[in-house]
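Subject: Structure handover

Hi,

Here is the structure you asked for. Please open it and keep it beside you as you read my notes below.

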Amino acid sequence: MSIPSPFISESIEIQSEWCGGAGQLGNAYYNVVFDRGAEGAFESLGLGTGYARRRGLSFYTAEAHVCFVRPLHAGDRVVVKFQILDFDEKRIRSYQEIHHLDGWLAATTEVMSLHVDLDGPRVVPFPHDVKARLDAMAAAHATLPLPERAGRHIELS
């Protein structure tokens, strides 16, 4: 199985209802675009749309850091690049970039996701089949350089 490095989503069109009065994509909708862009990556890991229903397991976002680089507008078409930076038996640290189809960077996010048993909910290890897919994707993504914007924090300086 060939693993894209990084994973690149299908094209996503920015919807007018996601944009405010000035015509720019609203802040919350950047997360919608990031989520939609990551769907294919999570599907290939076995963590797609039916995962919670089939297994009673899911993943929660514990932390996310979004950087807005350049505004998007209704009708713009973008792709999302997804890269696993690190993971362990219960967590995934991922990095994503939204790129306009013209090539420029619009936004980035770094996310810590927790794998959870929905009966708790409580954080639990990934099943063996998912862990094997994570190992493979992380190995493919390990050949990529660490993104310049990864690991950022907010400070006044």
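Start with threonine 109. Threonine 109 sits in strand 6, which covers residues 105-117. A word on terms: helices (H or I, at least four residues) and strands (E, at least two) are DSSP runs, numbered from the N terminus. The model is predicted, so local features need pLDDT of at least 70, side-chain atom pairs count only at pLDDT 80 or more, and totals for chains, interfaces and linings use all residues. Residues are numbered from 1 along each chain as its sequence is written, and side-chain values use heavy atoms, with hydrogens and water left out.

Is threonine 109 buried or exposed? Threonine 109 is buried, because its relative accessible area is 2%. Buried means under 20% relative accessible area, exposed means over 50%, and partly exposed lies in between (1.4 Å probe, protein chains only).

Which residues does threonine 109 touch? Leaving out residues up to four places away in sequence, they are Phe34, Ala64, His65, Val66, Ser94, Tyr95 and Gln96. Contact here means heavy atoms within 4.5 Å. Look at histidine 65 in particular. Its backbone oxygen is 3.3 Å from a polar atom of the threonine 109 side chain. For a polar contact, the pair must be N or O atoms within 3.5 Å; within protein, one must be able to donate a hydrogen and the other to accept it, and residues adjacent in sequence count only if both atoms are side-chain atoms.

Next, glutamine 96. Glutamine 96 belongs to strand 5 (residues 91-100). Glutamine 96 counts as buried because its relative accessibility is 5%. Beyond its neighbours within four places in sequence, glutamine 96 is in contact with several residues, including Phe34, Ala38, Val80, Phe82 and Thr109.

Now phenylalanine 7. Phenylalanine 7 is in strand 1, residues 7-8. Its relative accessibility is 13%, so phenylalanine 7 counts as buried. Residues up to four places away in sequence aside, phenylalanine 7 touches Gly37, Gly40, Ala41, Val80, Lys81, Phe82 and His141. Glycine 26 is 19 residues from phenylalanine 7 in sequence, and their C-alpha atoms are 25 Å apart in space.

Compare asparagine 31. Asparagine 31 lies in helix 1, residues 27-44. Asparagine 31 is partly exposed, because its relative accessible area is 34%. Valine 66 is 35 residues from asparagine 31 along the chain, yet 8.4 Å separates their C-alpha atoms.

Glycine 120 and proline 121 are joined by a cis peptide bond, with omega about -15°. Proline 121 is in the loop between strand 6 and strand 7 (122-123).

Last, the whole chain. How many helices and strands does the protein chain have? There are three helices and seven strands. Their pattern along the sequence is β-β-α-α-β-β-β-β-β-α. The C-alpha trace spans about 45 × 40 × 35 Å along its principal axes. Of the 157 residues, 41% count as buried. Take the contacts between residues at least 6 apart in sequence: 69% of them join residues at least 24 apart.

That is what I found. Send me your questions once you have been through the model.

Best wishes
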